[in-house]
Each structure stands twice: as structure tokens, then as C-alpha cells.
Amino acid sequence: MTDYTDSRPVLAVLAETGLPCAYRQWHPAAAPPLPYLVVVRASREDVMADDSNYLKLARWRAELYSEGADLESMAAVEAALESHGIAYSAFEGGGGDAGVPLAATYYFDMLGAS
């Protein structure tokens, strides 16, 4: 059985961005200054066979929080994912009001990551 649900490899890949990164939350510590990443397991899409979860596959969501468009940090996230052969989709949200951070969100899985 193969397990792609462990957050440690995800955090290791995203550490290559040089940005602070946490799994789910910064609590009990305070969040660092922007920009930073928060990673959550968005879903599980396991492959089942012979009455078991044959392939445990998580879909990950990495949220990049920044003050406005941060093209450099976005490029760093994309470069880290691409350097490991990880396909991703991305979109931006938030940041419309003063003081509200922009969130660039990346969805990906670790299947086939090098």
C-alpha cells in the first residue's frame, strides 16, 4: 500500500520557497510577517481495491498569504512544485479591502513527486 497523505514531504517541498510554512495553523505561535504559507489536506481521493485503501492519496492546498500581489513569492511556490514534477492548479482570492491579505491558493497532490 502506498501512502501520499503525510504532510512532511509537502512541507519539505514548500520549504524550498524560503517562505515560512505551517501545517493548518501557526497557533500557539503567532503568525510571522507576510508573506507566508499555510498547508492543509484539502481532501482524500484514495484508490480502493480488494476491500482496502490500496493507494492513499491526499489533495493538498497551499495558501500563500501576502500584502497584495506578490509575484516573487508566487513564482517561488510554483518553482518548488515544478522542480519536483508536481502538477498544480492555482487561483487568487481576498486582498480586495485594505488590510486584507491576498491569498494565492495552490491545489496539488504528491503522486509522482520526485
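A helix, as the word is used here, is a DSSP run of H or I with at least four residues, and helices are numbered from the N terminus. The structure described below is a predicted model.

## Overall make-up

The protein chain has 114 residues, of which 33% count as buried. Its secondary structure consists of two helices and seven strands. Read from the N terminus, the elements follow the order β-α-β-β-β-β-α-β-β.

## Helix α2

Helix α2 covers residues 71–83.

Five residues of α2 are buried: Ser 73, Met 74, Val 77, Ala 80 and Leu 81. These residues lie on the same side of α2, because the arc they cover around the axis is only 130°. On the face turned away from this buried side are the exposed residues Leu 71 and Glu 72.

What do the buried residues of α2 pack against? Their partners are helix α1 (7–15) and the strands β3 (36–44), β5 (52–66), β6 (88–94) and β7 (102–108). Just after α2 comes Gly 85, which has a positive phi of about 70°.

Ser 73 is part of α2, and its relative accessibility is 7%, so it counts as buried. With residues up to four places away in sequence not counted, Ser 73 touches Leu 19, Pro 35 and Leu 64. Ala 75 is also found in α2, but it is partly exposed, with a relative accessible area of 42%. The C-alpha atoms of Ala 75 and Thr 17 are 8.8 Å apart, although the two residues are 58 residues apart in sequence.

In soluble globular proteins, nonpolar side chains tend to be buried together. In this model, the largest nonpolar core has 19 residues, and those that touch the most other members are Leu 14, Val 77, Leu 81, Tyr 106 and Phe 108. At least two residues of this core come from each of α1, β3, β5, α2 and β7.

## Leu 11 in helix α1

Leu 11 is placed in helix α1. With neighbours within four places in sequence left aside, its contacts are Cys 21, Ala 22, Tyr 23 and Val 39. Leu 11 and Ala 62 are 51 residues apart in sequence, while their C-alpha atoms are 9.7 Å apart.

## Aromatic pairs

A pair of aromatic rings is described by the distance of the centres and the angle of the planes. How many aromatic pairs does a search of the whole structure find? The search finds five. One of them is the edge-to-face pair of Tyr 23 and Trp 60, with 6.3 Å from centre to centre and 65° between the planes. Tyr 23 belongs to strand β2 (residues 21–23) and Trp 60 to strand β5, so this pair ties together parts that are 37 residues apart in sequence.

Phe 91 and Tyr 107 form a stacked pair, because their ring centres are 6.1 Å apart and their planes are at 15°. Since Phe 91 is in strand β6 and Tyr 107 in strand β7, the pair ties together parts that are 16 residues apart in sequence. Trp 26, Tyr 36 and Tyr 65 are linked into a cluster by ring pairs.

The table gives the exposure of several residues named above.

| Residue | Relative accessible area | Class |
|---|---|---|
| Leu 11 | 24% | partly exposed |
| Tyr 23 | 33% | partly exposed |
| Trp 60 | 0% | buried |
| Ser 73 | 7% | buried |
| Ala 75 | 42% | partly exposed |
| Phe 91 | 45% | partly exposed |
| Tyr 107 | 23% | partly exposed |

The classes rest on two cut-offs: a residue is buried under 20% and exposed over 50%.

Notes
Residues numbered from 1 in each chain as written. Predicted model: local features only at pLDDT ≥ 70, side-chain atom pairs only at ≥ 80, totals over all residues. Heavy atoms only, no water. Expected span 1.5 Å × (residues − 1). Buried < 20%, exposed > 50% of the residue type's maximum accessible area, 1.4 Å probe, protein only. Arc of directions from axis to C-beta. Contact = heavy atoms within 4.5 Å. Core = buried A, V, L, I, M, F, W, Y, C linked by side-chain atoms within 4.5 Å. Phe/Tyr/Trp six-rings, centres within 6.5 Å; stacked < 30°, edge-to-face > 60°.
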